[in-house]
Amino acid sequence: MMRIALTVTALATLLSAQTKDFGKYYSFDEREPKTQVERTIHGLLPSMVKIHGASGLATITAYATGIIVSDQGHIVTLDQILLQKGRTRVVLWDGSVHDATLLRADDKLGVRLIKIDPKEVNGKLKALWPPSEKQAKYRNGQFVVSLGNCFRLAEFSEKLSATFGVVVGKANTALRYRMADVKYDGDIILTDACNNPGHYGGGLFTLDGRWIGLNMKLLDSKETNTMLSAALPSRDLLPYLEEYVLGKKREDVIKKVVPVWTGITLFEQAGRKSPPAYVERVKRGSPGRKLGLRIDDMIVRIDDFSIRSCKELRSVLKKYKPGDTVKVMWKRGTKVMTGDMELMEKPKR
Amino acid sequence: MQDPLDAVAASEARRVAVIDRCAKAVCSVMSMDSPGGGSGVIFDPAGLVLTNYHVVGQPDKGYKQPDPPDPSEEVLAKWREANKDADDEAEVKFILHWKNEWRAEHQSSGASHYKNKKVGLPDGKLYEGVVLGIDPGSDLAVIRLLPKEEGQTWPFCELGNSDALLVGETVFAMGNPFLLATDFTPTVTFGIVSGTHRYQEGQGNRMLVYPDCIQVDAPVNPGNSGGPLFNEAGEVIGINGRISIGDRGRVNVGVGFAIASNQIKNFLGDLVAGRHTEHGTLDMSAWFMTSRDGKEHKRGVFVQQTFKDSIVTEAGVGLGDEITRFNGTEVRSANQLATMVGVLPAGTWVTLRHRPTLEDGGFGDEREVTVKLTALDTGSSRDDNARLASRIDRRIAKDQILGQWLFSGIFAPTEKGAVQWLRRAPDETKNVAIADGERLRLELGRHILVSTGNGEGFARANGETRDLTLDEKERLRRERVSNPMLWLKSQTPARLKDALLLGGVHVHGAAAYRFALPGAGDCEAWFFLDGTPAGFAFRDPVRRAHVQWHVRGNKLRVVVDGDLERGWSSGKRATGEPEEQWFRRKS
């Protein structure tokens, strides 16, 4: 007789979220944490959650990590495709599964808050908050641990993965914004504590348990074929968290953002994906005219940003406000020319 | 306050010393004829090396064991002297017998044969190694180094306790990644335990499953396979064998997996005895499910798929039943159940608690079943049950194990006199066994069998005393030679003198060695890895069945011809002065 032996497969189906207590955390016998690293990791694990969402593509992971930031059920995580559609479920440290509602995302930071119902949680949520300015400091070479659910190795009440490393440095992504798919253009923390798919949205902590960063996607350079683990400084999340978790009004949100105007119309060929920034027309009295730009000049640089296409020029200009002066480099025939341009608000007709 | 720099320096010095000591036992395992290879670690001074199955490679299908030599003239002359009136036919028979014996002594049995390996040690020397046991199910193999001189020993590292590991603990991985070191000095990488009790699915036909592995962020790369993972104390707590990879091909991304040492210990007996180990399975699949059906919350691990004739179905576990406990541990996820089952060898008796589904959709009362795990078919095992190392290898293994126990002092002579051991039978009758040297008294309820030592003895039943039958005599002999519960501890080395390691067995949640004892009756004595008795087995001539006794503490499991006899328990074992009346025949 043919006989097939079945293995006990680890199939997890979540038909519906429910909230009953499912016993204590983890069920293998374990010793107590002894060293500083062990104590820190085990102290932080209850504040970390596993996030499961939808994914349309096989190559895009449908799982991530999040950090509880309030006992009201607010969880901060990296804004990812898995959060965009369908249901989002959150697994707490005790293995309980909760449906999450999506709150406001911050496009500049690339993070999003989600929320679970604190009434459905067994016990009180253990929240983390970005440390004070003094406490948030970190130095190159400082030991760090990174917590997250890389490759979805942990399920339900199983522990997240912990990796260990040092702070490698600080980097300004604005300078290399084309090399990596990063929305944030401030300083980010580079580390050699390994970061992998699923780890995103997890935390980067110092050995004494201070939350210094939120794990970002791997910085991926197509040019050098290198990848770097990075984290968004937790301190930079503060205004966002204060506004949407604590309900404080943020000044720069209230202030209306005014787009800058250069008066330059670019020559965008139809059908071409990223045409270079050739000038097609310059309005009279505009900053472009004051600078001396002419038809067929090609803009190649604005301040430290090199410009390769019309799209890039537009996205770079978004970083400035009217009144700013930028250094422009352009090419006319075989000559390279430079000059300062004072940006303006678009005049009303 | 201590200067932090001093503390760092002290910790570094400790680390360097541990690495220095451990590195001597880390080796490179390479194939004889093709480039590439992996790593390994010597875990026994007799030159036993642990490595990955995938490092050992595929069996050598075309291999034929060399023919045994002809018996020497001396042997033949001796035989002719002893058998003066034997004819030619008898001599041919003798020669055939002698050759068979030579085969058993020098050659391993079983269908699959693996080519010898080149094993390079950090001292720069290259040894030849014989592949003993293999575990394709979870990617392990044991190799024995062939000594360059008589009685050679090797530096080694002991296996530690992987269950004591905690996330965040410091670990080192060693090995020869990318075969960087042509002088075989190992590469050392440092990291922390990123996760414990991880389940990693296998490849192909349920081969190379990592059921209970340790996740580390210490860099592990191709070539590190089979190399050891050390804890801070320098104990081997795992064998590095697998990495999760990202988009960049087969290089480390900070997620490596090591086979836990406690899982290895469960299979150590089989591996060292040269067997093809088999992993156990419950013959069902389970899933984690949560649903709200209006009446009752369903949340837990449920039976998803099984067969009509699988072991669990026969024990009364049905589709949709909730599995609540396995071997006494609460089951919280399907992953966890897979982890706990995956580390056990086939043939292990386990207990399972489940809540049966009722027709109205609810669940019945929790009940417990005891089942024997069947073998998980990896496709490689089908014709290979007879695989066993040569007698030389199994003798060396036995001597080595015995040597360790002697060294640990477990056989120190504190016990004296006769040994008495009590068992309670299912019908609540007491079974007492008393052994004093060659004499043995067995009280099996009202039936009493006594052997008085000189081949004589008597039986007493229903108030009558009579001579022993031949079967009863043999029954007494087999119990006497095989039951380690009736041996004085100090006698153990002498009793196991001619024994051979036969394999491993899992007794009440702990791994044990099986030793084959000489003589008829398939007598086996079992010992846990620390040298305490774990049970015994023999073919019972009175019951005409093969009987196994699994003993641990007061737990006793009696298995008759593969079926469990319920209701046995073990009582006290005591030593003291024997009373002469126990062995005196009264009319």
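Over how many bridges do β18(B) and strand β19 (residues 367-372) of chain B pair, and in which sense? The legends below refer to a predicted model, and the answer is given under View 1.

**View 1. Pairing of β18(B) with β19(B) and β16(B).** β18(B) and strand β19 (residues 367-372) of chain B are joined by six bridges and pair in the antiparallel sense. Strand β18 of chain B covers residues 349-355 and also pairs with strand β16 (residues 322-326) of chain B, again antiparallel, through four bridges. B:Leu352 has a bridge partner in β19(B), namely B:Val369. B:Leu352 is also the bridge partner, in β18(B), of B:Phe326.

**View 2. An open sheet of four strands in chain A.** The strand order is β19-β18-β20-β21 (chain A), with antiparallel pairing. β19 (305-306) and β21 (335-342) of chain A form the edges, each pairing on one side only.

**View 3. The pair β18 and β20 in chain A.** Four bridges connect strand β18 (residues 298-302) of chain A with strand β20 (residues 325-332) of chain A in the antiparallel sense. A:Trp330 in β20(A) stands opposite A:Ile299.

**View 4. Domains 3 and 4 of chain B.** Chain B is divided into four parts: domain 1 (4-58 + 117-272), domain 2 (73-106), domain 3 (283-372) and domain 4 (401-583). The C-alpha centres of domain 3 of chain B and domain 4 of chain B are 36 Å apart. Contacts between these two domains involve six residues of domain 3 of chain B and five residues of domain 4 of chain B. On the side of domain 3 of chain B that touches domain 4 of chain B, three residues are nonpolar, three are polar and none is charged.

Terms used:
Residues are numbered from 1 along each chain as its sequence is written. Chains are lettered from A and ligands numbered from 1 in the order in which they are written. This is a predicted model: local features need pLDDT of at least 70, side-chain atom pairs count only at pLDDT 80 or more; totals for chains, interfaces and linings use all residues. Domain bounds come from an automatic or database domain assignment. Two residues are in contact if their C-beta atoms, placed from the backbone, lie within 7 Å. Ala, Val, Leu, Ile, Met, Phe, Trp, Tyr, Cys and Pro count as nonpolar, Asp, Glu, Lys and Arg as charged, and the others, Gly among them, as polar. Two strands pair if DSSP finds at least two bridges between them. Helices (H or I, at least four residues) and strands (E, at least two) are DSSP runs, numbered from the N terminus.
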